[in-house]
Amino acid sequence: MEHAQDLLKQKDALENEIRELELDLRSHGVTKTEALVDSEGFPRSDVDIGTVREIRRSLVYKQNDLKELMRQIEHSLAVLHKDASQDKGEMDLKAETPTLQRPFARVGKVALNSPASDAGLAVGDMIVTYGLVNERNHDNLRQLVTETAENVLKPIEVLVSRVINGQPQTKTLVLTPRRDWGGDGVLGCYIVPL
């Protein structure tokens with residue numbers, strides 16, 4: 001239990017570090033993927049390329065660390081849940097389950113053959129995390145829009161909560177925004193704030 005809580009604290013700290021690096025990158029006038037050369041292939045004079053490359057490198061390392069940490073959290077919670085279900089009579093699950101993040105958005109509509117439907121998103125899914133976006137930093141879904149725009153053709157991990165057979169369950173989906181699916185937008189779904 002304590003191990004899972006420690007991992008969740010580490011995750012929050014790592015997400016804060018990633019946000020700080022992204023803000024630092026934006027303060028230099030570039031995004032994670034924006035070109036550092038002009039249209040003629042020369043280094044841009046309006047950007048400190050060395051600093052930006054170092055920030056981007058740190059950001060990639062931190063994002064990889066976050067993915068690994070999320071894998072560890074998932075494993076730790078699975079073990080915790082397994083142990084808790086074996087000791088049902090002795091343990092109050094609600095008291096032992098770590099406080100998880102709450103959903104911040106709901107999927108309102110999903111188009112057929114869209115990136116959202118390919119990922120497994122369904123109408124009514126409650127979005128808990130969307131890449132690095134969560135209930136604490138979504139800024140009325142503005143950050144979700146930014147995360148989507150910066151990750152076209154790149155996979156985004158989406159943690160959803162849905163009710164299956166009357167039981168709430170969480171599921172991690174991988175959504176890859178793309179324009180070539182034949183419909184409007186890059187997701188093919190409506191996402192509304194809660």
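These legends walk through several close-up views of one predicted model. Residues are numbered from 1 along each chain as its sequence is written, and side-chain values use heavy atoms, with hydrogens and water left out. Because the model is predicted, local features need pLDDT of at least 70 and side-chain atom pairs count only at pLDDT 80 or more, while totals for chains, interfaces and linings use all residues.

**View 1. The whole chain, to get your bearings.** The chain has five helices and five strands, taken as DSSP runs numbered from the N terminus (helices are H or I with at least four residues, strands are E with at least two). Reading from the N terminus, the order is α-α-α-β-α-β-α-β-β-β. Of the 194 residues, 35% are buried; here buried means under 20% relative accessible area, exposed means over 50%, and partly exposed lies in between, with a 1.4 Å probe and protein chains only. The accessible surface is about 12000 Å², and carbon and sulfur atoms hold 51% of this area (Shrake-Rupley method, 1.4 Å probe; for residues, only the protein chains shown count as cover). Among contacts with a separation of 6 or more, 63% join residues 24 or more positions apart, a contact being heavy atoms within 4.5 Å.

View 2. Lys11 and Glu15 pair up in a salt bridge at 3.4 Å, N to O (the rule asks for a side-chain nitrogen of Lys or Arg within 4 Å of a carboxyl oxygen of Asp or Glu). Both residues sit in α1 (residues 2-27), four residues apart, or about one turn of the helix. Lys11 is buried at 6% relative accessible area, and Glu15 is buried at 5%. For the model overall, the count is 16 salt bridges.

**View 3. Arg162 and Asp125, a link between distant parts of the chain.** The side chains of Arg162 and Asp125 form a salt bridge at 2.6 Å, N to O. Arg162 belongs to strand β3 (residues 156-164), whereas Asp125 lies in the loop between α4 (115-119) and β2 (126-130), 37 residues apart. Arg162 is buried at 17%, and so is Asp125 at 2%.

View 4. Asp46 counts as exposed at 54% relative accessibility, while Arg44 is buried at 16%.

**View 5. Thr129 and its surroundings.** Thr129 is part of strand β2 and is buried at 10% relative accessible area. Setting aside neighbours within four places in sequence, Thr129 touches Gln101, Phe104, Asn134, Glu157, Val158 and Leu159.

**View 6. The second largest pocket.** This pocket holds about 190 Å³ of space. A pocket here is an open set of points on a 1 Å grid over the protein atoms alone, where a 1.4 Å probe fits, with protein on both sides within 12 Å along at least five of seven lines; lining residues have an atom within 4 Å of a point. The lining consists of Lys109, Val110, Ala111, Trp181, Asp184, Gly185, Gly188, Cys189 and Tyr190. Strands β1 (105-110) and β5 (189-193) each contribute at least two lining residues. By class there are five nonpolar, two polar and two charged residues, with Gly counted as polar.

Key. Grid points are joined across faces, edges and corners, and a volume is the space filled by probe spheres set on the points.
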